[in-house]
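Subject: Handover of a structure and summary of findings

Dear colleague,

Please find below the structure that I am passing on to you.

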Amino acid sequence: MGARAQAILPLALVVGILAFLWTEFSLNFTFHWYTVQDHLSGGGSLGLPHSFHLILPTAFIAWGLFFCAGGDNAAFGKIVVASVFGTIAALITMYLSYKTADLPHFWGIALWVGIFAFILVAILIAGDWYYVAGTFPAFAAVFLWWIATGLDGWIPNGGGTKDSVAAWAAKGGTGAGAGAGLLSTTFGWVWFDTLVTLLCGCILGIVYAKGAALITPKPKAAEG
């Protein structure tokens with residue numbers, strides 16, 4: 001096996017194991033372990049998630065950003081800060097968007113996205129501790145989940161079934177959100193779920209870095 005393969009394969013192994021564990025944990029947490037009531041979906045195998053749930057792909061966004069930021073302790077701090085700044089900006093944007101213009105007018109969303117995009121870049125003035133390349137994906141991750149779960153607030157009665165079985169059933173089990181309404185979520189919980197899951201991705205990154213350092217072959221000392 002070549003030196004390149006010997007260096008890369010241990011890293012790939014750690015990534016593969018962590019990716020498997022996160023996927024298994026997050027999906028079971030959301031649809032089996034922390035649910036309001038089991039056996040709601042067609043086929044009777046999935047439960048209705050609480051308002052708090054873990055978003056499988058969102059953690060991989062933060063994990064990838066961790067790699068981009070350097071893959072070390074400093075990168076962990078940068079992505080944590082970026083996740084907080086980006087998601088809070090998105091939370092305020094969601095709130096102001098539907099106060100400005102609701103369905104079917106997209107300009108209210110576009111206006112506040114533009115304003116907060118400007119603000120998030122302008123914060124670079126404060127110093128190099130701020131990693132704007134991580135803030136934008138965190139900002140976008142909230143909107144991705146907001147759209148997937150029914151655009152609560154902007155669409156009247158869209159999303160927002162909270163964690164109530166009665167609310168879900170009142171929509172005929174087909175609420176405005178992914179999974180026949182199983183993931184219809186109020187915008188406040190969209191923000192919180194996204195932030196927590198991004199932080200989980202940061203933890204995956206630092207665990208990867210520490211684990212990879214332990215199993216990566218050390219270079220042989222040069223002979224005198």
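Of the contacts in the chain with a separation of 6 or more, 68% are accounted for by residues 24 or more positions apart; contact here means heavy atoms within 4.5 Å. Please note that this is a predicted model, in which local features need pLDDT of at least 70, side-chain atom pairs count only at pLDDT 80 or more, and totals for chains, interfaces and linings use all residues. Residues are numbered from 1 along each chain as its sequence is written, and side-chain values use heavy atoms, with hydrogens and water left out.

Overall composition

The chain contains seven helices and two strands, these being DSSP runs numbered from the N terminus (helices: H or I, at least four residues; strands: E, at least two). Along the sequence the pattern reads α-β-β-α-α-α-α-α-α. Of its 224 residues, 42% count as buried, where buried means under 20% relative accessible area, exposed over 50% and partly exposed in between (1.4 Å probe, protein chains only).

Nonpolar cores

A nonpolar core is a set of buried Ala, Val, Leu, Ile, Met, Phe, Trp, Tyr and Cys residues joined through side-chain atoms within 4.5 Å. The largest one has 25 residues, and among those with the most contacts inside it are Trp22, Trp63, Ile79 and Tyr208. At least two residues of this core come from each of helix H1 (3-33), helix H2 (56-68), H3 and helix H7 (187-215). H7 gives the most, with eight residues. A second, separate core of 24 residues includes Ala90, Phe116, Ile123 and Trp145.

Helix H4

Gly108, Ile109, Trp112, Phe116, Ala117 and Leu120 are buried in H4. They cover an arc of only 155° around the axis, which puts them on the same side of H4; the arc is that of the directions from the helix axis to the C-beta atoms. These buried residues pack against helix H3 (73-100) and helix H5 (132-148). The face turned away from the buried side carries the exposed residues Ala110 and Phe118.

Strand E1

Thr35 lies in strand E1 (residues 35-37) and is buried, with a relative accessible area of 14%. Leaving aside neighbours within four places in sequence, Thr35 is in contact with Thr30, Gly47, Leu48, Pro49 and His50.

Yours sincerely
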